[in-house]
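Take a look at the chain shown here. The report below goes through selected residues, helices and a pocket.

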Amino acid sequence: MTEGARPAAGARTRAGSPAGPREWLGLAVLAAAALMTAIDTSVVLLALPSIARELHADAVQQLWIVDGYGFVFAGLLIAFGGLADHLGRRRMAMLGATVFGLASLAAAFALSPEMLIAARAVMGVGAAALAPSLYGLLTGLFPDSGQRAIAIGVFMTCLMGGMIIGPVVGGIALSLWWWGAVFLIAVPVMALVLVVFPLLVADVSTAHPHRTGGGVDAVSVPLSLLAVLPIVFGIKEAARSGDAFLAVASLIIGVVFLVVFLRRQRALSRGAGHAPLLDLAMFRHRGVCVVLLTMLLMTMLTGPLMMLDTQYFQAVAGADPLAAGLLTVPPALTGAAGFLTMPLLAKRIRPGLLIAAGLALSAAGLVLMAQITPGTGPWPLVVGFSVVSFGTSALPTLGTNVILGSVPVEQASSAASTQEASGQFGYALGIAVVGSLTTAVYRLLVAGAPGLDAADRHAVSAGIDAALGVADPVARAVAGVAFTSSLQVAALVAAIAMLALAGVTAVRLRHIPAFGAQNDVEN
């Protein structure tokens, strides 16, 4: 019997039974763990200048200090999602919290860039163990689809809250102590999580009733890593405009191993031996593939725009880092409001219609963002992205509930890992695709702008950040206009694509009933 077969006190095992106070307190513990991973994502960017100065990190090392965490996190999600279902989600979550906390402690006292990069990578290991496990535990705590949707909304609100308070907490830590303090924030919270986890968080059975053979297939774990890690690396390398040969070779290697991995999972699902790490049967459920693909595309289209917004705030509108950070708060707040509102609306309105309406609303927000010019100031971006954040909140909240409700509870963490991976891949693709689009538009406009000498034109064409170092105000003005125009193009292209996604989801997800109309989605 696995650890998951021994529910904690107060566990509710009857399908669809309503959650009580213990379950909602358990949600608070899950949310606290997720909050720390979200805070870490934002505070490292704030601390990077101090880290680079104190540890003498060069540009490549700074890139890996920021990127190493996400690279490892994305690469291990599928593997840890399957392992959590087979070995016990509570056990895997506690392991992840332990690793994340200890790695955060090591990062805080790193003596060199290499030590910090290694610590950040280990933090990614802990986060990858945590994320799918938390979703799986949440599914066990809230078997009722209506309550589960609300719980997912609260969970994602905490993730959004981490992004909001991360810069504030990090700024306080940096002003009072040293750069390492931004990593110490997670240590006491993860310690508290480890203490209260066994008391409040139940784990339903993770044993597959249709399996008579052994546990998880040992070969599938390295195969998943050999498939995902090269693909993630190839996408990130392409986004950095680095070695094209290395990027293409990494993608080819990843795709080859992905095919081998999928063939093995299919073979294992048909046999009586080891269970597959990822049960491909989940992709036959109506709606699951639509949600995953739509989530990937939505993240690809909108994720890079936040980065472009903050560049505009500082490089074009002239805001200081604190003011630029404050301008990102309204979109975060509207996103959090959407996470809490959408599950309540989904009790009366079909989630497919809500997701489609949210995507259409996001398209309107993107059109509003496209009204930005160097002279308007930041408000079209702030208001427009606030609309986008509220509209896009429907898909991750309701879509995650659709995915979790479409698979047996024993496969919840594995299913959740595919949802997390789609978002990670979408963001990486967005940096590559949307980033390439905006760079091309920017350089085209700079190349055709009159009144620049060759030196200034070359300097400005390197990017908006490089243009700030140019003395000629005309050259800086040209860069501001070119950058704003590239942002307009990205927003309009995203708006058109969002409308298309809205139409697809309205049709393909129309069969899903309102949450609460039945305990789980029938497929």
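## A residue in a loop: Asp472

Asp472 is partly exposed, with a relative accessible area of 26%. Here buried means under 20% relative accessible area, exposed means over 50%, and partly exposed lies in between (1.4 Å probe, protein chains only). Asp472 sits in the loop between helix 18 (464–467) and helix 19 (473–508). Helices (H or I, at least four residues) and strands (E, at least two) are DSSP runs, numbered from the N terminus. Leu452 is 20 residues away from Asp472 along the chain, and their C-alpha atoms are 9.0 Å apart.

This is a predicted model: local features need pLDDT of at least 70, side-chain atom pairs count only at pLDDT 80 or more, and totals for chains, interfaces and linings use all residues. Residues are numbered from 1 along each chain as its sequence is written, and side-chain values use heavy atoms, with hydrogens and water left out.

## The whole chain

The chain has 19 helices and zero strands. Of its 523 residues, 54% count as buried. The chain exposes about 20,700 Å², and carbon and sulfur atoms supply 71% of that area. Accessible areas come from the Shrake-Rupley method with a 1.4 Å probe; for residues, only the protein chains shown count as cover.

Contact means heavy atoms within 4.5 Å. Among contacts with a separation of 6 or more, 82% join residues 24 or more positions apart.

Helix 3 covers residues 89–108, which is 20 residues. From first C-alpha to last it reaches 28 Å, close to the 28 Å expected at 1.5 Å a residue. The expected span is 1.5 Å times one less than the number of residues. Its buried residues include Arg89, Arg90, Gly96 and Phe100.

Helix 12 covers residues 329–345 and has 17 residues. Its reach is 24 Å, close to the 24 Å expected. Pro331, Gly335, Phe339 and Pro343 are among its buried residues.

Where does Gly377 lie? It is in the loop between helix 13 (351–369) and helix 14 (379–392). Gly377 counts as buried because its relative accessible area is 17%. Not counting residues up to four places away in sequence, Gly377 touches Tyr312 and Ile372. Phe313 is 64 residues from Gly377 in sequence, yet the two are 8.2 Å apart, C-alpha to C-alpha.

Thr505 belongs to helix 19. Its relative accessibility is 0%, so Thr505 is buried. Beyond its neighbours within four places in sequence, Thr505 contacts Val290, Thr294, Gly352, Ile355, Ala356, Leu359 and Arg510. Gln419 lies in helix 16. Gln419 is buried too, at 6% relative accessibility. Leaving aside neighbours within four places in sequence, the contacts of Gln419 include Tyr135, Met156 and Leu292.

## The second largest pocket

The second largest pocket holds about 510 Å³ of space. Helix 8 (220–239), helix 9 (244–270), helix 10 (288–316) and helix 16 (412–448) each give two or more residues to its lining. The lining has 20 residues, and Ile78, Leu258, Thr418, Ala421 and Phe425 lie nearest the centre. By class, 17 are nonpolar, three are polar and none are charged. Ala, Val, Leu, Ile, Met, Phe, Trp, Tyr, Cys and Pro count as nonpolar, Asp, Glu, Lys and Arg as charged, and the others, Gly among them, as polar.

On a 1 Å grid over the protein atoms alone, a pocket is an open set of points with protein on both sides within 12 Å along at least five of seven lines; lining residues have an atom within 4 Å of a point. Grid points are joined across faces, edges and corners, and a volume is the space filled by probe spheres set on the points.

Conventions:
1 Å grid on protein atoms, 1.4 Å probe; cavity = no way out; pocket = protein on both sides within 12 Å on 5 of 7 lines; lining within 4 Å.
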